[in-house]
Amino acid sequence: KGPKSFHQPAVVHLLEFREDFSKKMTTNFLSDLVQYQRLFQMIIVLGMGGNFLIGFQVSVITYPSEDIKKFINATWIERYDSPLHQKTLSLLWSLVVSVYCVGGLLGCLLSGPLAMRYGKKRSFMISDLIIIAAALLIGCSRMARSYEMILIGRFLYGITAGISLNIHGQYVGEVSPKRLRGFANTTSSAFFALGKAFGQLMGLRELLGTQPFWPLLLALSGFTALVQLLLLPFFPESPPYLLIQKDDKEGCLQAMKDLWGEGHHQAEMDDMMKQKSAMRNSKILSILEIYFYAFEVFRTAKLDDILIPYVALGVGTCEFISVILCSSMIDHVGRRILLWGGYAMMALALGLLVITLSLQDQFPWLSYCSIALIFLFVICYGLGPCGGVISVMVEIFNQSARASAFVIVGTTSWMCLTVVGMGFPFVVELLGPFCFLIFLAVLIGVVIFIYIFLPETKGRSITDITEEIGRIQFGKAFLLTALGMNFTRDPGLCTKL
């Protein structure tokens, strides 16, 4: 009786605290929903024509793969009276997949100059026009009996993906107040995951994943781009762009009032002025191969062909749910731990996946473990790196360097994706399940780098983060000393990102 009565008040207090916390969170959410309703509307419009379309284009290409191969072969027979050799057909299919990445690389290089010259809003609208043109080409390719139109359309899709992938994260981060920036940044990843899940849903045989409808399936992107093209003119340009690039203080303040409501925005304005003053004075990726070649990955796991589309849809849905969870955690937990912890769990899942895939011929029940590990890999990606990477990139660079930083990161990513898109089927044929060891090594290197060199960026100004990066020089000295190398700290040395 004594211990029970001792613990009873503590339990009551705990329940009261939980109820008060829940009420406070609900009240804050409803208050933010009313005050920032224009911001939330803009986030949805940006997401629809931004990363949502990229996710859709990445995942949907796997579903009509056999139908497109048959179409290419039939077109070749009509023209040359002989069928294509199987290796030539595989090479052409790899080209259909990887030309998207080549376009992405070009679009990534164009995104910086476009954003600097025309602003992020107009760059999005230019991208929408290109998407609509590409959708018309792909939609008419079957009637025109031309697989070249698919290649051109995929290339144009890739260009818009390179532009949008760089601009979307910057735009969303720049139109958001500091207190909501972590949540806003993760929405770009959430729309990316939602687009992949939507592509997997529309690619099912019960919907558009059949032989007569594959051109319509691949051309659906044009409709969403048209919707964004019509709605985006009703929203303002990025406030930092207006103030820092265009020197339009009044326009910047009006944009903040439009998106954030009437209120005191001086702190945000001061932070942007510091960036402007500083400018005047100074004058990874293994997740996408699962989607590009989702069916091949699941066939390697000995999964029945009938079940593969539904398992792929489950993977995309799990990623979307995990990204939503990430958006609710990131402003409380922070970015750094989500990044290195997420990558570490991905590395663990990938290492175990190599083991289960290599042993499942002797132990057939391990194929179910392989599928579970693929789900775990994607969930870990969604909970950490998927939302954390963009948040850190937006918060760690100032307005003048941000576009260039996104171009560098995007260029590296698209080059890697191009190599993966072209070479993954042949690497799988050569190495089998051990092909994933390449990505495992990359993940381990990323974990070590983030843990040692990356500072926490949550709720901090760019000035504070830059000073912290300077202090991490001591971390570099420690690492080089541990490796047996001499390191002399130069007081004038500055870490440049």
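Modeller: Helices are DSSP runs (H or I, at least four residues), numbered from the N terminus. This is a predicted model, where local features need pLDDT of at least 70, side-chain atom pairs count only at pLDDT 80 or more, and totals for chains, interfaces and linings use all residues. Residues are numbered from 1 along each chain as its sequence is written, and side-chain values use heavy atoms, leaving out hydrogens and water.

Colleague: How is helix 2 oriented against helix 11?

Modeller: Helix 2 (residues 37-49) and helix 11 (residues 249-260) have axes 5 Å apart and pack at about 90 degrees. Since 65 to 115 degrees counts as such, helix 2 is roughly perpendicular to helix 11.

Colleague: Which residues of helix 11 make the contact?

Modeller: Contact means heavy atoms within 4.5 Å. Helix 2 brings Arg38, Leu39 and Met42, and they meet helix 11 through Asp258, Leu259 and Trp260.

Colleague: Is Asp81 buried or exposed?

Modeller: Asp81 sits in the loop between helix 4 (65-80) and helix 5 (86-144), and has a positive phi of about 60 degrees although it isn't a glycine. Most residues other than glycine have a negative phi. Buried means under 20% relative accessible area, exposed over 50% and partly exposed in between (1.4 Å probe, protein chains only). At 69%, Asp81 is exposed.

Terms used:
Axes are lines fitted to C-alpha atoms, for helices over the stretch in contact, and angles run from 0 to 180 degrees between N-to-C directions. Helices (H or I, at least four residues) and strands (E, at least two) are DSSP runs, numbered from the N terminus. Angles under 35 degrees count as roughly parallel, over 145 as roughly antiparallel, 65 to 115 as roughly perpendicular and the rest as oblique.
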